[in-house]
Amino acid sequence: MRKFKNVALMIALSMVAGQMGTAGTVSTVNAADYIDELESAGSSITNNNSADDAKLVSTTGLLKKTSSYVLGSFYGEDDIADWYKFSINKTDGSNGRFAIKMSNIPVGHNYDLYLYNQDMEEIDRSIRASNTNEIVRTDGVDSHQTYYLRVEPQKVPDYDASSYRLVFDEYIATGTKTIGCSPIQLTCSNNTWSSDASGTGTTIPSNAKITSLSVAAQEGTVKNGTNRQIRVKIGNGQYYTGSWYNGTAEIPGIAGQNASGKYYVGFTATELPVLVSNKLTYIGIINMKSFKVTVNYEYDKLASY
């Protein structure tokens, strides 16, 4: 009996009656039984050993559904690769970004996974040892794009038990964290930077990247300042500065920096004279207080696989 070579899409659109269980769950297809059905119906069985013969996969129904996957297998020594083709748009995943994980590789087998763009340029690969899971990730896209996947067998000791699963997953997750900083109040003199208040985002994933950041702060007990500027750095990184207005400073240029770590916040302002004993006097200090950093971030939830 030949092994079933065509892609078995484990989604609701499957042609095999009875695949779908109750409550929308998905069961597997017995490859040998399915190929008998195809041959008895006069269907042609073709290989997908090259990009020209890549099997088209629809990502509709695959993303966000961990019970949905593509099932593939190898049928003999001349089955040198499995190729798949799929299209994505900016609305898929996170601006077109998602991961394809190859799992359920049999013990003793070893398969590698490659990802190519529509110009057949390799953009990611996963070549881990033995039957450990493999994972590749798409780029962000501005418009419709076509990608190709290649599954290459490195070791297939048993072609009768050579199946694997391709799981499409939205791997980019987002989060927001507000971090209080201490000491509560900072002091600067005219147009000089204060010392820093600090706080740590302990629950932010270690691989998170900043998408935007703002700092809320209030005037302190000495309010004689104008042109207030707030600066922020993470760990030993560089400072990024934004203008404080109406209680908040948006910090431009910091997107893409690591979001997990200790935050340091300081301020500067131009001193205004205050009335002391009916005289305008520069008293040499300006206060700000209650610094709170709000960081929006995204992270790869499949970093460990």
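Ser130 is placed in the loop between β7 and β8 (134-137), where strands, like helices, are DSSP runs numbered from the N terminus (helices H or I of at least four residues, strands E of at least two). The phi angle of Ser130 is near 50°, a positive value in a residue other than glycine. With a relative accessibility of 39%, Ser130 counts as partly exposed; the classes are buried for under 20% relative accessible area, exposed for over 50%, and partly exposed in between, with a 1.4 Å probe and protein chains only. The model is a predicted one, in which local features need pLDDT of at least 70 and side-chain atom pairs count only at pLDDT 80 or more, whereas totals for chains, interfaces and linings use all residues. Residues are numbered from 1 along each chain as its sequence is written, and side-chain values use heavy atoms, with hydrogens and water left out.

A positive phi is also found at Met120, where the angle is near 60° in a residue other than glycine. Met120 belongs to the loop between β6 (110-116) and β7 and is partly exposed at 34% relative accessibility. Most residues other than glycine have a negative phi, and most peptide bonds are trans. A cis peptide bond joins Ser182 and Pro183, with omega of about 5°. Pro183 is situated in the loop between β11 (172-180) and β12 (185-188).

Strand β7 also takes part in an open sheet of 5 strands, which has mixed pairing and the order β2-β4-β9-β6-β7. The edges are formed by β2 (55-56) and β7 (122-126); each has a single partner strand, so one side of each is left without a neighbour in the sheet. Two strands are taken to pair if DSSP finds at least two bridges between them. Strand β2 pairs with β4 (residues 82-88) in the parallel sense over 2 bridges, and Leu56 has Lys85 of β4 as its bridge partner. Strands of a sheet pair through backbone hydrogen bonds, either parallel or antiparallel.

Antiparallel pairing is seen for strand β15. This strand (residues 225-234) is mostly covered, with 8 of its 10 residues buried. It pairs in the antiparallel sense with β18 (residues 262-271) over 8 bridges, and with β16 (residues 240-245) over 4 bridges. Arg231 stands opposite Gly266 in β18, and its bridge partner in β16 is Thr241. Strands β15 and β16 form a hairpin with 5 residues between them, and Gly235 in the turn has a positive phi of about 60°.

Elsewhere, Val70 lies in strand β3 (residues 69-72) and counts as buried, at 0% relative accessibility. Val70 and Thr59 are 11 residues apart in sequence, and their C-alpha atoms are 10.0 Å apart in space.

Salt bridges were assigned where a side-chain nitrogen of Lys or Arg lies within 4 Å of a carboxyl oxygen of Asp or Glu. The count by this rule is 6. One of them is formed by the side chains of Arg97 and Glu298, at 3.0 Å from N to O. Arg97 lies in the loop between β4 and β5 (99-103) and Glu298 in strand β21, so the pair ties together parts that are 201 residues apart in sequence. Arg97 is buried at 18% relative accessibility, and Glu298 is buried at 19%.

A further salt bridge joins Lys301 and Asp169, whose closest N and O atoms are 3.9 Å apart. Because Lys301 lies in the segment after β21 and Asp169 in strand β10 (residues 164-169), this pair ties together parts that are 132 residues apart in sequence. Lys301 is partly exposed, with a relative accessible area of 45%, whereas Asp169 is buried at 15%. Glu122 and Arg125 also form a salt bridge, with closest N and O atoms 2.6 Å apart. Glu122 has a relative accessible area of 37% and is partly exposed; Arg125 is partly exposed at 42%.

On the surface, Val276, Ile283 and Ile285 form a nonpolar patch with about 210 Å² of accessible area together. Patches are made of residues with over 30% relative accessible area and no salt bridge, like charges being joined within 9 Å and nonpolar side chains (Val, Leu, Ile, Met, Phe, Trp, Tyr) within 5 Å. The accessible areas come from the Shrake-Rupley method with a 1.4 Å probe, and for residues only the protein chains shown count as cover.
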